[in-house]
Amino acid sequence: MDWWFDPRRTYDDNVRNGPFGPFDGHPPERDAPTTPAERFLGHTVRRPFGIAAGPLPTARHCAAAFSHGFDVNVYKTVRSRAMPAHPFPNTLAVRVDGDLCAEPGVTLLVDGDLDTAHSISNSYGVPSPDPDQWQPDMAAAAASAANGQVLVGSCQGTRDGDDTALIADYARTAQLVAETGAGAVELNLSCPNEGTGALLCFDTPLVARVARAAKERIGDVPLVLKIAYFRDDDALASLVRAVAPVADGIAAVNTLPALLVDAAGRQALPGPGRETAGVCGASIRWAGLDMVRRLARHREASDEAYTILGVGGVLTADDYETYRHAGADAVMTATGAMRDASLGRAVSALAR
Ligand SMILES: Cc1cc2nc3c(=O)[nH]c(=O)nc-3n(C[C@H](O)[C@H](O)[C@H](O)COP(=O)(O)O)c2cc1C
């Protein structure tokens, strides 16, 4: 496997020396580009398809993604202050037969063979440089988008006190992202590394306050909310009603949580608080598709008009089409793009 974001290397190595393999030096590999013809959050894009928040932590990674035919790319989630990554390793191959169950407490065996895995874990802890570092880099990433391409900047608040402080931190960080010239701001409300039982996206009143505060600070720049899998459809409907007045888009899903163990039944990832990690890839495709269908249904039953960004288990151009048919206005991939750098061009080549 020719990884360009390489899970066999530390996060810092990826940031400092990546991207690798097919993205190394990111030579332009544009086949005859498709004419921009589709709308995405007020932008005209070639294809509403690209790389989800995660594997693009620098402007170099983003420029490479744009060169390889991924047209809507998300710069990895940043914060208002520097934060280190969780200790290595972070991404392991997980063995899942079929669909990963969304019930809490599922235990999965890590089997070590990343090159053949279709589902992987992701336990980075949302590291971030300081804004003095990431703001100019994100601005360079936004500037590397060609005609018909858009950079989305992802960010999240850091809890360091009460809800009011968290809301203020989300809003301030969103503003810092908007200042870079990113075409949209995505708020990560579904970070599985900060306690899966208490994901922010499940607290509807708090999410509504965070979204309103962020929107006030970013003005006309489109606001996207990234959420986790909702088992409770009434809770999803109520979240959507609460945020629809200020959210321009909803992205779903983030990873599904699972307990990871090695062959001896021991905790697979080192360190306290890392018994559970987010799982992504083929085994969560059903969850992304289910959320897209439900978000489309809720939108149809109301007079709301949010854009739906479908994420989860997109490994092939067929998966892209399945998501579009399910109701996604845009489709994103993290695991699939890491495994296959040619996926952007494969989607570009699809007939309109
Ligand atoms: C290496 C890696 C890092 C990730 N980091 C982030 C992140 O910083 N912020 C975020 O919102 N999602 C993050 N994600 C989750 C992805 O954006 C996506 O929601 C999830 O992986 C499901 O898509 P997939 O099945 O295509 O991987 C990360 C995923 C991977 C694989």
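This is a predicted model: local features need pLDDT of at least 70, side-chain atom pairs count only at pLDDT 80 or more; totals for chains, interfaces and linings use all residues.

Q: Okay, so which hand is the crossing of helix 7 and helix 8?
A: The crossing of those two, helix 7 and helix 8, is right-handed. Their axes come within 9 Å and cross at roughly 25 degrees.

Q: And what do we call helix 7 and helix 8 relative to each other, roughly?
A: Helix 7 and helix 8 are roughly parallel to each other, because angles under 35 degrees count that way.

Q: Which residues meet there, in helix 7 and helix 8?
A: From helix 7 you get Arg285, Gly288, Leu289, Val292, Arg293 and Ala296, and they meet Asp319, Thr322, Tyr323 and Ala326 of helix 8. By class, that contact has 5 nonpolar, 2 polar and 3 charged residues.

Q: Let's switch to helix 4 and helix 5. At what angle do their axes cross?
A: Roughly 35 degrees, and the axes come within 8 Å. Helix 4 covers residues 163-178, and helix 5 covers residues 204-218. The crossing of helix 4 and helix 5 is right-handed.

Q: What makes the contact between helix 4 and helix 5?
A: On the helix 4 side, it's Asp163, Thr164, Leu166, Ile167, Tyr170, Ala171, Arg172, Ala174, Gln175 and Ala178. Helix 5 brings Leu206, Arg209, Val210, Ala213, Ala214, Arg217 and Ile218. Sorted by class, the contact has 11 nonpolar, 2 polar and 4 charged residues.

Q: How about helix 3, at what angle does it pack with helix 4?
A: About 40 degrees, with the axes of helix 3 and helix 4 9 Å apart. That makes helix 3 oblique to helix 4.

Q: Which residues of helix 3 meet helix 4?
A: Pro131, Trp134, Gln135 and Met138 do, and they meet Thr173, Leu176 and Val177 in helix 4. This contact has 5 nonpolar, 2 polar and no charged residues.

Q: Back to helix 5. How many residues does it have, and how far does it reach?
A: Helix 5 has 15 residues and reaches 21 Å from its first C-alpha to its last, close to the 21 Å expected at 1.5 Å a residue.

Q: Which residues of helix 5 are buried?
A: The buried ones are Thr204, Leu206, Val207, Ala208, Val210, Ala211, Ala213, Ala214, Lys215 and Ile218. What covers them includes helix 4, strand 9, strand 10 and helix 6.

Q: What comes just after helix 5?
A: Gly219, which takes a positive phi of about 60 degrees.

Q: Which residues other than glycine have a positive phi?
A: Leu41 is one of them, with phi near 50 degrees, and Val126 is another, also near 50 degrees. For background, most residues other than glycine have a negative phi, and most peptide bonds are trans.

Q: Where do Leu41 and Val126 lie?
A: Leu41 lies in the loop between strand 1 and strand 2. Val126 is in the loop between strand 7 and helix 3.

Q: Are those two buried or exposed?
A: Leu41 counts as buried at 11% relative accessibility, and Val126 counts as buried at 6%. The cut-off for buried is under 20%.

Q: How far apart are Gly183 and Leu41?
A: They're 142 residues apart in sequence and 8.4 Å apart in space, C-alpha to C-alpha. Gly183 is in the loop between helix 4 and strand 9, and it counts as buried at 13% relative accessibility.

Q: What does Gly183 touch?
A: Not counting residues up to four places away in sequence, Gly183 touches His43, Val150, Leu151, Val221 and Pro222.

Q: Last one: what is Thr335 in contact with?
A: Leaving aside neighbours within four places in sequence, Thr335 is in contact with His118, Ile120, Cys280, Gly281 and Leu315. Thr335 is found in helix 9 and is buried, with a relative accessible area of 5%.

Methods
Residues are numbered from 1 along each chain as its sequence is written. Side-chain values use heavy atoms; hydrogens and water are left out. Axes are lines fitted to C-alpha atoms, for helices over the stretch in contact, and angles run from 0 to 180 degrees between N-to-C directions. Helices (H or I, at least four residues) and strands (E, at least two) are DSSP runs, numbered from the N terminus. A crossing is left-handed if the near helix is turned anticlockwise from the far one by less than a right angle, and right-handed if clockwise. Contact means heavy atoms within 4.5 Å. Ala, Val, Leu, Ile, Met, Phe, Trp, Tyr, Cys and Pro count as nonpolar, Asp, Glu, Lys and Arg as charged, and the others, Gly among them, as polar. Angles under 35 degrees count as roughly parallel, over 145 as roughly antiparallel, 65 to 115 as roughly perpendicular and the rest as oblique. The expected span of a helix is 1.5 Å times one less than its number of residues. Buried means under 20% relative accessible area, exposed over 50%, partly exposed in between (1.4 Å probe, protein chains only).
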